[in-house]
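Welcome! Take a look at it, then read on.

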Amino acid sequence: MSTILEVNKVVKRYGDYVALNEVTLSVPKGSIYGLLGPNGAGKTSLIRIINQITLPDSGEIILDGEKLQPKHVQYIGYLPEERGLYNTMKVGEQCLYLAQMKGLSKAEAKKQLEYWFERLEIQGWWNKKIQELSKGMAQKIQFVVCVLHKPKLLIFDEPFSGFDPVNANIIKDEILKLREDGATIIFSTHRMESVEELCDHIALIHKSNKLIEGKINDVKRQFKTNSYEVGVLSDNVEGLMYDLTQKYKVNPANFKSLNDSLKLEIQLGNATPNELLHVLTQRGQVTHFVEKIPTVNDIFIRTVSDK
Amino acid sequence: MSIVSLIIKREFITKVRNKSFIVMTFLSPLLFVALAAFVGYLGSMKADTKRIAIHDESGLFVKEFTAKNSKSAEYKYLDLSAIDLKFLKDSIANESFEGLLFIPKPTNPQDFENNIQFISNNSPSLSFIERAQSLIGTKLTKTNLINAKLDTIAINKAKANVNISLAKATGEETVKGLNEIKIGIGGAFGYLIMMFIIIYGNMVMRSVIEEKTSRIVEIIISSVKPFQLMIGKIVGTALAGLLQFFIWAIIGLSLLFAISMFFGVNVAPTAKISPEIMQAAQQEMAGTAQMYIKELWNLPIASILVAFVIYFIGGYFLYSSFYAAIGAAVDNQTDSQQFLLPVIMPLILSVYVGFFTVINDPHGTVAVVFSMIPLTSPIVMLMRIPFGVPLWQIAISVTLLFGTFFSVVWFAAKIYRIGILMYGKKPTWGELYKWLKY
């Protein structure tokens with residue numbers, strides 16, 4: 001898989017404060033790339049550099065094989081976290097203006113706008129002013145402005161904030177469709193469940209440094225602890241617990257089940273799952289046996305609190 | 001279409017479509033004329049006739065006053081010398097008359113000078129006191145002359161009355177008020193340019209603050225450079241200002257044209273109907289008016305208008321870069337006050353220099369120097385232009401103005417670039433300086 005965006009040892013300072021410290025990333029073409037990190041980690045600084053809003057102090061950015069340059073703005077669509085449009089300008093005029101700034105001709109912009117307005121069922125808004133729309137409605141307009149010029153690379157900063165669940169779903173489906181159509185999506189958010197749901201790659205930035213990057217499954221494999229959640233129905237619970245604690249680290253677990261089985265989380269260390277199964281089947285009936293996969297949320301919290 | 005012209009177009013259309021722009025453009029000339037007419041009407045309004053009681057013990061002056069009585073006069077003088085002074089003083093309180101002029105009868109005529117009193121509850125108008133003093137003074141002088149046995153007729157004959165008439169070297173006769181016209185025109189244009197700079201500079205600032213607080217600026221500068229956005233904004237707003245000025249200039253010139261037509265053509269036929277004396281008087285009046293209008297046309301109107309446009313563009317560009325930088329540095333308009341003061345100061349200074357120095361001596365050192373300094377030149381030079389300014393001075397002044405603009409815009413752009421992405425606290429001067437180095 002080729003990369004669409006490479007960030008090479010990018011450094012950004014604001015006075016004495018280092019916002020990005022030799023950050024290196026590579027975003028594969030066609031991926032949905034989750035850019036994670038706590039508040040103030042440097043995500044926005046990085047996104048602004050990719051958007052050429054600010055320049056890096058050192059390092060370079062390669063977009064689709066070329067060094068980042070002014071003409072690239074038309075290949076990128078950006079939805080900033082802090083949304084904003086001209087309050088007193090009419091929706092249609094405003095969208096046309098912003099699309100033309102991205103290099104579309106007026107006719108082409110109009111065609112695209114009609115397509116998107118129909119798609120999101122907002123045709124009636126053309127002559128309304130932004131101040132007459134609700135926040136969620138304005139967000140939709142902003143989304144349209146962001147994708148109108150068919151960018152190869154889309155950068156969404158908290159795209160779902162401000163949307164009700166129905167509209168959030170509409171936007172999610174649109175994002176997935178854009179990916180199908182060949183766009184690459186960089187996705188910056190604090191909502192780990194949407195990362196889990198959408199992203200195939202993630203990177204974690206913390207205190208100006210990149211700590212983790214890779215395919216989401218690789219990262220998870222890297223963070224897995226070889227733990228299993230098991231449910232056992234046993235007549236001799238004490239004997240079972242004795243056997244288990246001799247060999248493994250055992251903790252009580254909590255998961256949903258329909259019977260009264262004993263619920264445990266067992267860390268295997270170097271042992272294999274089959275050995276554990278052997279122990280369990282000798283002492284009772286196994287009702288539940290699942291490898292515990294770390295969630296992105298776990299990984300995030302562990303990484304951030306480790307440092 | 002290039003991106004900058006796209007921004008210019010948007011800024012221009014937003015400004016021009018704004019209701020306040022339309023109202024200001026078409027209503028303010030009307031308002032101006034209406035206000036002038038209103039002030040004129042107020043001035044011509046007759047005040048209530050005021051009754052002044054005169055108690056003249058000498059009997060020397062009272063006739064001078066009562067002779068002035070007429071139906072339309074502002075003051076009506078009553079000769080109440082026969083009535084007891086104390087009674088008169090008391091009746092001021094019940095307001096049967098405005099005041100009491102008390103002239104005692106001194107033993108020595110010299111003592112008149114300081115012994116006359118005007119008694120009233122309200123302080124009298126200065127013009128009334130002056131008039132009374134002059135009436136009494138003239139009469140007293142005359143009396144003194146007669147007492148000294150001097151020939152008053154010979155003295156009157158000896159009095160000379162000089163009236164210098166003005167003419168140009170070309171032989172054309174000019175009107176006396178011409179300098180006042182030049183001062184008025186220069187002052188008006190200088191003042192106009194200050195108003196334009198402040199109004200349109202503020203518009204630029206408001207527009208920057210609006211983009212910043214609505215956060216749209218981040219979207220826009222992901223497509224264009226901050227510098228392009230700033231220049232587009234400044235130029236677009238300037239075009240709106242120029243449009244407004246051209247509309248005013250057209251209205252003003254056509255008014256002037258209409259008035260000259262009125263005096264030039266229409267006066268003669270109406271004059272024929274009038275009686276002979278009236279005709280002469282009216283012709284004289286029309287002649288003066290004609291001459292004034294001719295002088296107005298003789299003023300370098302074209303060069304004043306061209307200079308206005310050039311100096312407005314230069315001055316406005318210079319100041320609006322400050323305004324744009326300030327708008328970028330703050331989050332709302334109230335925070336901008338601290339930074340605006342140093343920007344407005346030179347403008348006010350130039351108006352003062354204009355009204356106090358240029359008017360006295362349009363080509364003196366102070367006037368020339370201030371018409372060169374870029375921050376004051378737009379206003380001061382415009383005030384000088386009706387008096388005729390050598391071309392080389394204008395050339396230097398314009399070059400300096402635009403040169404300064406190009407360096408200031410570079411600094412302003414740096415502050416602007418950083419400022420539009422900074423939210424939260426109001427920056428200090430020190431921080432602004434730091435931004436220049438980012």
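How far apart are the end C-alpha atoms over residues 183-204 of chain B, and what share of that stretch is helix? The ends lie 31 Å apart, and the stretch is 100% helix and 0% strand. Please keep in mind that this is a predicted model.

**Chain B as a whole**

- Chain B contains 17 helices and 4 strands.
- Of the 438 residues in chain B, 29% are buried.
- Taking the contacts in chain B with a separation of 6 or more, 74% are between residues 24 or more positions apart.

**Stretches named in UniProt records**

- An unreviewed UniProt entry lists "transmembrane region" for several parts of chain B, among them residues 21-42, 183-204, 296-319 and 366-385.
- Residues 183-204 of chain B, the stretch from the opening question, are 100% helix.
- Residues 366-385 of chain B are 65% helix and 0% strand, with end C-alpha atoms 15 Å apart.
- For chain A, the feature "domain: ABC transporter" is placed by UniProt, again in an unreviewed entry, at residues 5-232.
- That span of chain A is 34% helix and 30% strand, and its end C-alpha atoms are 49 Å apart.

**The nonpolar cores**

- The largest nonpolar core has 134 residues, and those with the most contacts inside it are A:Ile155, B:Ile193, B:Ala324 and B:Leu382.
- Helix α12(B) provides the largest share of this core, namely 15 residues.
- Leaving out residues up to four places away in sequence, B:Leu382 touches B:Gly186, B:Phe189, B:Gly190, B:Ile193, B:Ala307, B:Phe308 and B:Tyr311.

**A closer look at B:Ile326**

- B:Ile326 sits in helix α12 of chain B, which covers residues 301-329.
- Is B:Ile326 buried or exposed? B:Ile326 counts as buried because it has 27 C-beta neighbours inside 10 Å, and 20 or more are needed for that label.
- Beyond its neighbours within four places in sequence, B:Ile326 is in contact with B:Met205, B:Ser336, B:Phe339 and B:Leu340.
- B:Gln338 is 12 residues from B:Ile326 in sequence, and their C-alpha atoms are 9.7 Å apart in space.

**The sheet in chain B**

- Four strands of chain B form an open sheet in the order β2-β1-β3-β4, with mixed pairing.
- As a general point, strands of a sheet pair through backbone hydrogen bonds, in either a parallel or an antiparallel way.
- Strand β1 of chain B (residues 50-56) runs parallel to β2(B), and 5 bridges join the two.
- B:Ala53 has B:Leu78 as its bridge partner in β2(B).

**Where chains A and B meet**

- The contact involves 14 residues of chain B and 18 residues of chain A.
- On the side of chain B that touches chain A, α1 (3-17) and α9 (216-220) each supply at least two residues.
- Helix α9(B) gives the most to that side, with 4 residues.
- Sorted by class, the side of chain B that touches chain A has 7 nonpolar, 3 polar and 4 charged residues.

Terms used
Residues are numbered from 1 along each chain as its sequence is written. Chains are lettered from A and ligands numbered from 1 in the order in which they are written. This is a predicted model: local features need pLDDT of at least 70, side-chain atom pairs count only at pLDDT 80 or more; totals for chains, interfaces and linings use all residues. UniProt positions are given in the numbering used here, feature names are shortened, and annotations may be inferred rather than shown by experiment. A residue is buried if 20 or more other C-beta atoms lie within 10 Å of its own, exposed if 12 or fewer, and partly exposed in between; C-beta atoms are placed from the backbone. Two residues are in contact if their C-beta atoms, placed from the backbone, lie within 7 Å. Ala, Val, Leu, Ile, Met, Phe, Trp, Tyr, Cys and Pro count as nonpolar, Asp, Glu, Lys and Arg as charged, and the others, Gly among them, as polar. A nonpolar core is a set of buried Ala, Val, Leu, Ile, Met, Phe, Trp, Tyr and Cys residues joined through C-beta atoms within 7 Å. Two strands pair if DSSP finds at least two bridges between them.
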